[in-house]
Amino acid sequence: MSRIDDSLEFIPVRIAVLTVSDTRGLADDRSGDVLAGRIADGGHTLVQRAIIQDERQQIADQLRVWCADPGIDVVISTGGTGLTGRDVTVEAHRDVYEKEIDAFGTVFTIVSMQKIGTSAVQSRATAGVAQGTYLFALPGSPGACKDAWDEILVKQLDYRHRPCNFVEIMPRLDEHQRRK
C-alpha cells in the first residue's frame, strides 16, 4: 500500500497552472485558486499562472512554452476537458505529449466515481510527458481539481511517496534526448 517514507527529504517541484476558459478571469478563477492553494500548502512552488481561451492552438502553444522552460517541472491545466464543441484541452495536450500517462485518466475516473457517481464518465482528464515536463489536464470544476490533487497529485508529486512517484523519475524523463 502507498505510504510516505519520512526518512527521505521532501523535494518541492515547480508548477505552472493554466486555466482554460472563455469566460473566467483571475478574479473568478476558483479552480485555479484551488490548485494554487494546494500547490503552496503542499510545499511546492507556483511559478506561473495563466488563463487562456478554449482554442486548441493557443493551449498547445502555451504548453510548449512552459515545457521548454527549465524552471517548470509540472503543468496543470484546468478546464476544457468535457464533451462540448469548445472543449479542446485534451486534444491540445495530446498535440504536445511525447508519452501519455494512460492510467491517470483511469485513476481520476475511479476517484470521481466515489464523489459524483456515473457522471464521472463525462470527464476526459488526461496526463502526459513532454520535454521532461509532466502535463496534467483536469476538469474545470473546483471539486474535480480538489479530487485530482488530494487523491493523486499530492502523492505522486511527493518524492517520499512509496512504492514510487513521479518526482523520482523526473531526471530521466528526457534521457532519450541526451543519448548520442
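This passage walks through the fold of one predicted chain, from its overall build to a few single residues.

A few ground rules come first: the model is predicted, so local features are reported at pLDDT of at least 70 and side-chain atom pairs at pLDDT 80 or more, while totals for chains, interfaces and linings use all residues. Residues are numbered from 1 along each chain as its sequence is written, and side-chain values use heavy atoms, with hydrogens and water left out.

The chain contains seven helices and eight strands (DSSP runs numbered from the N terminus, with helices being H or I of at least four residues and strands being E of at least two). Its radius of gyration is 16 Å, close to the 16 Å from the globule rule for 180 residues, so the chain is as compact as a globular protein of that length (the radius is taken over C-alpha atoms, and the rule is 2.2 Å times the number of residues to the power 0.38). The C-alpha trace spans about 45 × 40 × 30 Å along its principal axes. Of the 180 residues, 46% count as buried (buried is under 20% relative accessible area, exposed is over 50%, and partly exposed is in between, with a 1.4 Å probe and protein chains only). The exposed surface comes to about 9,000 Å², and carbon and sulfur atoms supply 50% of it (areas come from the Shrake-Rupley method with a 1.4 Å probe; for residues, only the protein chains shown count as cover). Among contacts between residues at least 6 apart in sequence, 76% join residues at least 24 apart (contact means heavy atoms within 4.5 Å).

Now for the sheet. Six strands make up an open sheet with mixed pairing, in the order E3-E2-E4-E7-E6-E5 (two strands pair if DSSP finds at least two bridges between them). E3 (45-52) and E5 stand at the edges with a single partner strand each, so one side of each has no neighbour in the sheet. Helix H1 (residues 30-41) packs on this sheet and touches E2 (14-20), E3, E4 and E7, with its direction at about 175° to that of E3 (axes are lines fitted to C-alpha atoms, for helices over the stretch in contact, and angles run from 0 to 180 degrees between N-to-C directions). Helix H3 (residues 89-96) lies across E2, E4, E5, E6 and E7, running at about 165° to E7.

Five of its five residues are buried, so E6 is largely enclosed by the rest of the structure. In a regular strand, side chains alternate between the two faces of the sheet. Here both faces are covered: Thr 126, Gly 128 and Ala 130 are buried on one side, and Ala 127 and Val 129 on the other. E6 pairs with E5 (residues 99-100) in the antiparallel sense over two bridges, and Val 129 is the bridge partner of Lys 99. E6 is also joined to E7 (residues 133-138), again antiparallel, by five bridges. These two strands form a hairpin with two residues between them, and Gln 131 in the turn has a positive phi of about 50°.

Thr 133 counts as buried, at 2% relative accessibility. Leaving aside neighbours within four places in sequence, its contacts are Cys 67, Ile 72, Asp 73, Val 74, Val 75 and Gly 128. E7 also pairs with E4 (residues 74-78), this time in the parallel sense over five bridges, and Val 75 has Leu 135 as its bridge partner in E7.

Over in E2 there is Thr 19, which is buried at 3% relative accessibility. Not counting residues up to four places away in sequence, Thr 19 touches Asp 29, Gly 32, Ala 50, Ile 51, Ile 52 and Thr 78. Ser 21 lies in the loop between E2 and H1, and is buried with a relative accessible area of 11%.

Finally, the cysteines: zero disulfides turn up in the whole structure (a disulfide is a pair of cysteine sulfur atoms within 2.5 Å). For Cys 145, the nearest cysteine sulfur is that of Cys 67, 18 Å away. Cys 145 is buried at 0% relative accessibility, whereas Cys 164 is partly exposed at 43%.
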